[in-house]
Amino acid sequence: MFAVGTTSIQLAKWMGEKTVTGVVGHKDKAEVVTKAGADEVLLSTDFHEHINAQFGGVDVILDSVAGDVSEKSMDCLVQFGNAGGVQETLKQVTFIRVVGLY
């Protein structure tokens with residue numbers, strides 16, 4: 001999470017989001033994410049359990065990693081939530097709107 005992630009955090013805060021959580025693969029990236037404006041930084045290994053327990057899910061997901069993290073992210077998405085992803089160095093952008101999963 002650097003260019004795409006940090007910019008997304010800054011945009012979310014600028015647009016008025018009250019709580020923005022960043023997810024990182026390594027603890028050494030947490031400081032960068034915090035400086036970008038994230039209210040909370042979680043490791044990618046167990047973030048989904050924390051998110052669901054604390055917030056009951058999230059409205060928006062931006063995933064620039066894919067794989068296991070994407071699956072865990074989708075477990076956090078509330079009904080009618082939005083998820084987007086950027087993979088393969090911006091060659092592919094995918095956005096979905098989740099409707100009627102529950």
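## Exercises on a predicted model

S44 is found in the loop between strand 2 and helix 3. The model is predicted, and the exercises below start from this residue.

**Exercise 1. Determine whether S44 is buried or exposed, and which residues it touches.**

Step 1. The relative accessibility of S44 is 17%. Buried means under 20% relative accessible area, so S44 counts as buried.

Step 2. Leaving aside residues up to four places away in sequence, S44 touches V23, V24, G25, V69 and K72.

**Exercise 2. Describe how strand 1 and strand 2 are arranged, and how the chain passes from one to the other.**

Step 1. Strand 1 (residues 21-24) and strand 2 run parallel and are joined by four bridges. One of the paired positions is G22, whose bridge partner in strand 2 is V41.

Step 2. From strand 1 the chain crosses through helix 2 (residues 30-36) to strand 2, a right-handed β-α-β crossover.

Step 3. In strand 2 (residues 40-43) the side chains alternate.

Step 4. The loop between strand 1 and helix 2 contains K27, which at 68% relative accessibility counts as exposed. The C-alpha atoms of K27 and L43 lie 7.1 Å apart, although the two residues are separated by 16 residues in sequence.

**Exercise 3. Identify the residues of the largest nonpolar core and the elements that supply two or more of them.**

Step 1. The largest nonpolar core has seven residues: I9, A12, V20, V24, V33, A36 and A38.

Step 2. Helix 1 (3-14) and helix 2 are the elements that give two or more residues to this core.

Step 3. A second, separate core has five residues, including F47, I51, V69 and C76.

**Exercise 4. Locate the salt bridges of the structure and state where their partners lie.**

Step 1. A search of the whole structure finds two salt bridges. Side chains of opposite charge can pair when their charged atoms come close.

Step 2. E31 forms a salt bridge with K35, and their closest N and O atoms are 3.1 Å apart. Both residues belong to helix 2, four residues apart, or about one turn of the helix. An α-helix has 3.6 residues a turn, so residues three or four places apart point the same way. E31 and K35 are both exposed.

**Exercise 5. Explain why the buried residues of helix 3 line one face, and state what covers them.**

Step 1. The buried residues of helix 3 (residues 47-55) are F47, H48 and I51.

Step 2. Viewed down the axis of helix 3, these buried residues fall within an arc of 95°, so they line one face of the helix.

Step 3. The face of helix 3 turned away from the buried side carries E49 and A53, which are exposed.

Step 4. The cover over the buried residues of helix 3 includes strand 1, strand 2, strand 3 (58-63) and helix 4 (68-74).

Step 5. After helix 3 comes G56, which has a positive phi, near 75°.

Methods. Residues are numbered from 1 along each chain as its sequence is written. This is a predicted model: local features need pLDDT of at least 70, side-chain atom pairs count only at pLDDT 80 or more; totals for chains, interfaces and linings use all residues. Side-chain values use heavy atoms; hydrogens and water are left out. Buried means under 20% relative accessible area, exposed over 50%, partly exposed in between (1.4 Å probe, protein chains only). Two strands pair if DSSP finds at least two bridges between them. A crossover is right-handed if, with the strands pointing away from the viewer, the path from the first strand over the helix to the second runs clockwise. A nonpolar core is a set of buried Ala, Val, Leu, Ile, Met, Phe, Trp, Tyr and Cys residues joined through side-chain atoms within 4.5 Å. A salt bridge is a side-chain nitrogen of Lys or Arg within 4 Å of a carboxyl oxygen of Asp or Glu. The arc is that of the directions from the helix axis to the C-beta atoms. Contact means heavy atoms within 4.5 Å.
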